[in-house]
Amino acid sequence: MVANDMNQGNGDTSWPEIALVRYNECQLAAVYGLTDVFRVANEQLEAVGRDHQQVRVSHWEWAGDEVRCTYDSHPGTANSPTHVVFPPSLISPAQMDKAHALRDWALEQREHGAILCALCAGVFVLAETGLLDHRAATTHWAFAEEFARRFPAVRLDASRMVIDGGDIITAAGIMAWLDFALSLVESLFGPSVMLRTSRFMLADAPRTEQLPYMAQLSTTTHHDDVVHIAQGVIDRELASALTLDRLAAATSIHPRTLQRRFRSATGMTITRYIQRLRVERANHALATTGHTFESIARSVGYDDSTTLRRLIQRETGLTPTGYRQRFGTRSLVK
């Protein structure tokens, strides 16, 4: 149910209306940030003489026994959302309210032609409808394992920042609302307005990949004490020439048994785990120190820095120099 007659029916369809869904525990910074981006886009449209084009932004919440419009940037005419957006959540997907009422309202808007959009953990809300089944979608890389487990029919690509499927748009990451908003401005009004908007906000143009931001090692916990011992040896002796025989001796089990248990507990082979840990340590050193790449490579077990360079580019999509330029913190301290 919609709150009142004033917000029913077809509004001015010449303007896109972005309806932001404020479910419990959603990220309010994203709600207000998206509102601000579209306000700046409106100002840029006016600056180039396109003030006949505007974006209308509305906020929607479940209040009492109905879905109510609680904010409208252009009040006075009936609402007719062209895009319905589920923002990110500040809690993990497992703790989120299912937001059934708001989700059902969003499906009603879809019946009237609205494009459904979801960001970060908000993609879980949308996936519960079944609309993402057999389609490409993205979400925050940290939630990828859980999402794949809960929604196996979705073609998840957690490396992507924004996936526009036409009638459904998904975006990744807690801060990906900015990439989503700028991408939508570009889709609605063209690249020149998007660039004017991003420059005014001192924001980069929309990013396309999550890869540089992804942690190299899974955060999944396990309870295999033998594997914990092996991981401890790897952690302490990362700079040395680690071998399977060395780890098997430290854990007092057969090498093949250790391989099997390690993969079962961590989801990766021992070799892959060592490579990822070395990349993670090297990236941390690139971001926080001024050490040469060659010395960093030696500190994580590579006498030949070429191998580490190749692994970093494979895992992050960036060269070591590019990673240091993007994530380096030393230059920020004066």
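Predicted model: local features only at pLDDT ≥ 70, side-chain atom pairs only at ≥ 80, totals over all residues.
Leaving aside its neighbours within four places in sequence, which residues is glutamine 109 in contact with?

1. **Glutamine 109.** The residues in question are Pro81, Val84 and Ala114, once neighbours within four places in sequence are set aside. Glutamine 109 itself sits in helix H2, which covers residues 100–111. Its relative accessible area is 10%, and since buried means under 20%, glutamine 109 counts as buried. Worth a look too is histidine 83: 26 residues separate it from glutamine 109 in sequence, while the C-alpha to C-alpha distance is 8.6 Å.

2. **Strand E9, both faces.** Have a look at residues 168–171, which make up E9. Ile168 and Thr170 point to one side, Ile169 and Ala171 to the other, and all of them are buried. In other words, this strand is covered on both faces.

3. **What E9 pairs with.** E9 has a parallel partner in strand E5 (residues 115–119), with four bridges between the two. Within that pairing, cysteine 117 stands opposite isoleucine 169 of E9. Strand E8 (residues 162–164) also pairs with E9, but here the sense is antiparallel and there are three bridges. On that side, isoleucine 163 is the residue opposite threonine 170.

4. **The E8–E9 turn.** These two strands form a hairpin, with three residues between them.

5. **H5 against H6.** Next, the helices. H5 (residues 176–189) and H6 (residues 191–200) have axes that come within 7 Å and cross at roughly 145 degrees. The crossing is right-handed. H5 brings Leu182, Val185, Glu186 and Phe189 to the contact, and H6 meets them with Pro191, Val193, Met194, Thr197 and Ser198. By class, that gives six nonpolar residues, two polar and one charged.

6. **H8 against H9.** For H8 (residues 244–251) and H9 (residues 255–266), the axes come within 9 Å and the crossing angle is roughly 90 degrees. The two helices are therefore roughly perpendicular to each other. On the H8 side the contact involves Leu244, Asp245, Leu247, Ala248 and Thr251, and on the H9 side Pro255, Leu258 and Gln259. Sorted by class, the contact has five nonpolar residues, two polar and one charged.

How values were computed
Residues numbered from 1 in each chain as written. Heavy atoms only, no water. Buried < 20%, exposed > 50% of the residue type's maximum accessible area, 1.4 Å probe, protein only. Pairing = 2+ DSSP bridges. Axes fitted to C-alpha atoms, helices over the stretch in contact; angles between N-to-C directions. Parallel < 35°, antiparallel > 145°, perpendicular 65-115°, else oblique. Contact = heavy atoms within 4.5 Å. Nonpolar A, V, L, I, M, F, W, Y, C, P; charged D, E, K, R; others polar. Left-handed = near helix turned anticlockwise from the far one by under 90°.
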